[in-house]
Amino acid sequence: MMCSTREAYGDTLVELGKENERIFVLDADLSESTKTNKFAAAFPDRFFNMGVAEQDMMGTAAGLALSGKVPIVSTFAVFASMRSGEQVRTSIAYPRLNVKIIVTHSGLSIGTAGATHFCEEDLAIMRSLPNMVVIAPADALETNMAIKAAVKYEGPVYIRLGRGDAPVIYKELEYEIGKAITVCEGRDVTLVATGIMLGRALQAARKLKELNVEARVIDMHTIKPLDREVLIKAAVETKGIITLEDHSIIGGLGSAVAEVIAEEKVKAPLKRLGIPDVFGEIANPDQLWDKYGMTVSNICDIAMSLIS
């Protein structure tokens, strides 16, 4: 079963808008795509279309936060993290303002729009900013719960959503920022995934089980702060770790996991799967993820090599 995280985002905004009159939503002329149009229809006095002016949108959100509001800003990931990167850094992260940046169309999920609209770099950019919390939910329910947790959290939060439908992973869920979820246990190899790639990790785990290999699958929904404890435990208890992300292997989840393993001096072979050091080509997202090695068969092959 598949469900859109964008639709879940729009529905969650309306739900939160009914509960909290301090919530204001800003969008950069993409509300139909980001699904903030649902909030706009329900609460027109608390919605602002800032036009194609992402830098101004971040500055306006900072002003709203300083006046006691809870601003939620949305656009495509590439525009939030790069076009308005300086404003996010200086106006939001530096003073640690209570702004929630929730983006869509991340990674390669926008497919045929090409490299100008892909966003392979945002996790690296955002996790390098002091004070910034960085989250990438895997499915619709986790999106709902991550947004609610972000609104309760006092400080800047960046939440990364994709464009298309995502596999439904959870029917019920206990969610906490910074606490990874072990979706299934295993003693042979660990698959650490974030966002849309959790679905592929679980497919690979099922395939490995047919080969009598037990794969532990970890949903690393929070990239920063990273759950170091669950990673160290996996490194000690299994024979290797594979990371999966719809993001460059430079600076994202794979890099964050590698940093922990190196710093803690645990012996754990590591393979990072994600977008290599290239600009993505134009194709269906699934074709691109396959091209860059994130197929179930390749994940299984790598897992077998780590074990052996």
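This is a predicted model: local features need pLDDT of at least 70, side-chain atom pairs count only at pLDDT 80 or more; totals for chains, interfaces and linings use all residues.
Is arginine 200 buried or exposed, judged by relative accessibility? Arginine 200 counts as buried, at 11% relative accessibility.

1. Start with the total. The count comes to 17 salt bridges.

2. Arginine 200 has a partner. Its side chain meets that of aspartate 290 in a salt bridge, at 2.7 Å from N to O. The pair links distant parts of the chain, 90 residues apart. Arginine 200 sits in helix α9 (residues 197-210), and aspartate 290 in helix α12 (residues 285-291). Burial differs across this pair because buried means under 20% relative accessible area. Arginine 200 is at 11%. Aspartate 290 has 36% and is partly exposed.

3. Next, glutamate 15 and lysine 148. Their side chains form a salt bridge, again given from N to O, at 2.7 Å. Glutamate 15 belongs to helix α1 (residues 5-19) and lysine 148 to helix α8 (residues 140-152). The two are 133 residues apart. Glutamate 15 is partly exposed, at 30% relative accessibility. Lysine 148 is partly exposed too, at 24%.

4. Then glutamate 264 and arginine 228. A salt bridge joins their side chains at 3.0 Å, N to O. Glutamate 264 is in helix α11 (residues 253-264) and arginine 228 in helix α10 (residues 228-237), so the bridge ties together parts 36 residues apart in sequence. Glutamate 264 is partly exposed, at 36% relative accessibility. Arginine 228 is partly exposed, with a relative accessible area of 32%.

5. Last, the network. Salt bridges link Glu7, Asp11, Lys35 and Lys38.

Methods: Residues are numbered from 1 along each chain as its sequence is written. Side-chain values use heavy atoms; hydrogens and water are left out. A salt bridge is a side-chain nitrogen of Lys or Arg within 4 Å of a carboxyl oxygen of Asp or Glu. Helices (H or I, at least four residues) and strands (E, at least two) are DSSP runs, numbered from the N terminus. Buried means under 20% relative accessible area, exposed over 50%, partly exposed in between (1.4 Å probe, protein chains only).
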